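Visitor: I would like to go through this protein term by term. Please set each label against its cut-off.

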Amino acid sequence: MAQDAFHVVVRGLVERELDLEYSDFISGKLGPLLDVTPIVPSFTGIATPVSSLLEIIQPLAESTHAVFHASDDFQAVLPKADLQNAYLLFQQEDKPLKKGFPVRLLVPDGHSECLNVKSVVKIEFVQTDPGQKAEFGFRNTVSPEEL
């Protein structure tokens with residue numbers, strides 16, 4: 001995968017929407033660069049904490065959840081509180097990810113391995129039932145344009 005094809009957008013109920021490229025991650029602009037192996041032993045590579053991203057984008061008070069959209073229509077919906085211990089894995093062996101490109105969401109304290117969403121291309125902050133627990137799965141609605 002070419003570094004110029006790397007693109008992740010942050011949208012929704014935030015003060016500052018972002019369009020992120022690989023250089024934004026490797027520069028440390030989005031937060032500290034962390035070796036994930038001590039945090040999530042089943043993974044190797046470099047990640048940045050989602051909590052650092054939150055400081056930059058400033059989710060609005062009315063946002064309750066973040067939806068992580070994958071390139072294959074898989075998505076995970078997490079309460080904002082769950083994001084404090086989440087990471088975005090973006091590099092392995094000094095290169096962009098091969099599996100999970102462009103970024104992979106890692107939630108070490110998550111209740112399911114499926115909360116480790118690969119190929120995240122969009123992070124969207126939304127307002128929903130504040131009591132809604134984390135959930136994940138493939139988007140199962142199809143718009144008329146997609147038929």
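Guide: Start with burial. Buried means under 20% relative accessible area, exposed means over 50%, and partly exposed lies in between, with a 1.4 Å probe and protein chains only. This is a predicted model, where local features need pLDDT of at least 70, side-chain atom pairs count only at pLDDT 80 or more, and totals for chains, interfaces and linings use all residues. Residues are numbered from 1 along each chain as its sequence is written, and side-chain values use heavy atoms, with hydrogens and water left out.

Visitor: Why is Ser63 called buried?

Guide: Its relative accessible area is 2%. The limit is under 20%. Ser63 is therefore buried.

Visitor: What does Ser63 touch, not counting residues up to four places away in sequence?

Guide: Ser63 touches Leu13, Lys80, Phe125 and Val126. Contact means heavy atoms within 4.5 Å. Ser63 itself lies in the loop between H2 and S5. Helices (H or I, at least four residues) and strands (E, at least two) are DSSP runs, numbered from the N terminus.

Visitor: What makes the pair of Leu60 and Ser63 a polar contact?

Guide: The backbone oxygen of Leu60 lies 2.8 Å from a polar atom of the Ser63 side chain. A polar contact is a pair of N or O atoms within 3.5 Å; within protein, one must be able to donate a hydrogen and the other to accept it, and residues adjacent in sequence count only if both atoms are side-chain atoms.

Visitor: Why is Gln58 called partly exposed?

Guide: Gln58 has a relative accessible area of 41%.

Visitor: Why is Phe43 called buried?

Guide: Its relative accessible area is 12%. Buried means under 20%, so Phe43 qualifies. Phe43 sits in the loop between S3 (34–35) and S4. Leaving aside neighbours within four places in sequence, Phe43 is in contact with Val36, Thr37, Leu89, Arg104, Leu106 and Asn116. Phe43 and Leu89 are 46 residues apart in sequence, with their C-alpha atoms 9.1 Å apart.

Visitor: What makes H2 largely enclosed?

Guide: 6 of the 8 residues of H2 are buried, so the rest of the structure largely encloses it. They are Val50, Ser51, Ser52, Leu53, Leu54 and Ile57. These buried residues pack against S1, S2, S4 (46–49), S7, S9 (104–106) and S10.

Visitor: How do you know that S5 is mostly covered?

Guide: In S5 (residues 65–70), 6 of 6 residues are buried. In a regular strand the side chains alternate between the two faces of the sheet. In S5, His65, Val67 and His69 are buried on one side, and Ala66, Phe68 and Ala70 on the other.

Visitor: How do you know that S5 pairs with S6?

Guide: Two strands pair if DSSP finds at least two bridges between them. S5 and S6 (residues 74–79) have 5 bridges, in the antiparallel sense. Val67 stands opposite Val77 in S6. The two strands form a hairpin with 3 residues between them, and Asp73 in the turn has a positive phi of about 75°.

Visitor: What links S5 to S10?

Guide: S5 and S10 (residues 120–126) pair in the antiparallel sense over 6 bridges. His69 stands opposite Lys122 in S10.

Visitor: What makes a set of residues a nonpolar core?

Guide: A nonpolar core is a set of buried Ala, Val, Leu, Ile, Met, Phe, Trp, Tyr and Cys residues joined through side-chain atoms within 4.5 Å. The largest one here has 31 residues, and Leu53, Phe68, Leu88, Leu105, Ile123 and Phe125 touch the most other members. H2 gives the largest share, 4 residues. A second, separate core of 8 residues includes Val36, Val40, Leu97 and Leu106.

Visitor: What makes the bond from Phe101 to Pro102 cis?

Guide: Its omega is near 0°. Pro102 is in the loop between S8 (95–96) and S9.
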